[in-house]
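Reader: Could you walk me through this one? I'd like to begin with a hairpin and then move on to the aromatic rings.

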Amino acid sequence: ETVWRQRALGGDINTALNSIPYPGSSQAHLSEFYGSGRQSRLSMLAQGKLENVTMSGYVEADFLGAGTTSNNNQSNSYVLRQRQLWGQAALRSGWTFTGGQMWSLVTEDRQGLDNRSEALPMTIDPQYTVGFSWSRQYAFRITKNLGTKAWFGFSVENSEATLTTHGNTAGSY
């Protein structure tokens, strides 16, 4: 991924809009070009079919992880990060059982509730897309396909959301 900014932030690929320098600052007179392999995505799908079931395993990773020594000043040495890692058994009867780290069931799909059919925004950083509800987390999911007309699903997920409030006095809960 590459980023060019008219005003230098000294930042990474994400643009922190609240840190754009004002016209009077020295950084406002410097432009910035940043190139990175961090958005490179590696994926692998393995599938096997038995008489009544299709078994699948999927892994997807990128270089958006940040280790303690990761930096973009000396070596662009960011670490491999797990995005998805799940296994699935899809029965011919329409039942599908999936477990591992995957897109949450709350993420919109193009058709049905099948993994790898998510309706992801066509942008590099979809988390900034208004209205895109998503999470990638560990889960166990059971879905039922009723003749490609309707799907029903249930998921137990390990939510890692952080909820915060503002304006509370110290020590209030």
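Author: Gladly, and bear in mind that this is a predicted model. In the hairpin of strand 5 and strand 6, three residues lie between the strands, and Gly94 takes a positive phi near 105 degrees.

Reader: In which sense do strand 5 and strand 6 pair, and over how many bridges?

Author: Strand 5, residues 79-91, pairs with strand 6, residues 95-103, in the antiparallel sense over six bridges. Within that pairing, Gln88 stands opposite Thr98 of strand 6.

Reader: And how many bridges are there between strand 6 and strand 7?

Author: Strand 6 and strand 7, the latter covering residues 136-146, are joined by nine bridges, and they too pair in the antiparallel sense. Thr98, which stands opposite Gln88, also stands opposite Arg141 in strand 7.

Reader: Switching to the rings, how many aromatic pairs are there?

Author: The count comes to four aromatic pairs. One of them is formed by Phe132 and Trp134, whose centres are 6.3 Å apart with 15 degrees between the planes; the pair counts as stacked because that angle is under 30 degrees.

Reader: Is Phe132 buried or exposed, and why does Trp134 count as partly exposed?

Author: Phe132 has 14% relative accessibility, so it counts as buried, the cut-off being under 20%. Trp134 is at 33% relative accessibility and therefore counts as partly exposed.

Reader: Which residues form the cluster, and what lies over the face of Trp103?

Author: Trp103, Phe132 and Trp134 form one aromatic cluster, and Arg136 lies over the face of Trp103, at 5.0 Å from the ring centre.

Conventions. Residues are numbered from 1 along each chain as its sequence is written. This is a predicted model: local features need pLDDT of at least 70, side-chain atom pairs count only at pLDDT 80 or more; totals for chains, interfaces and linings use all residues. Side-chain values use heavy atoms; hydrogens and water are left out. Two strands pair if DSSP finds at least two bridges between them. Helices (H or I, at least four residues) and strands (E, at least two) are DSSP runs, numbered from the N terminus. Rings of Phe, Tyr and Trp (its six-membered ring) pair if their centres lie within 6.5 Å; planes under 30 degrees apart count as stacked, over 60 as edge-to-face and the rest as tilted. Buried means under 20% relative accessible area, exposed over 50%, partly exposed in between (1.4 Å probe, protein chains only). A charge sits over a ring if NZ of Lys or CZ of Arg is within 6 Å of the ring centre and within 35 degrees of the ring normal.
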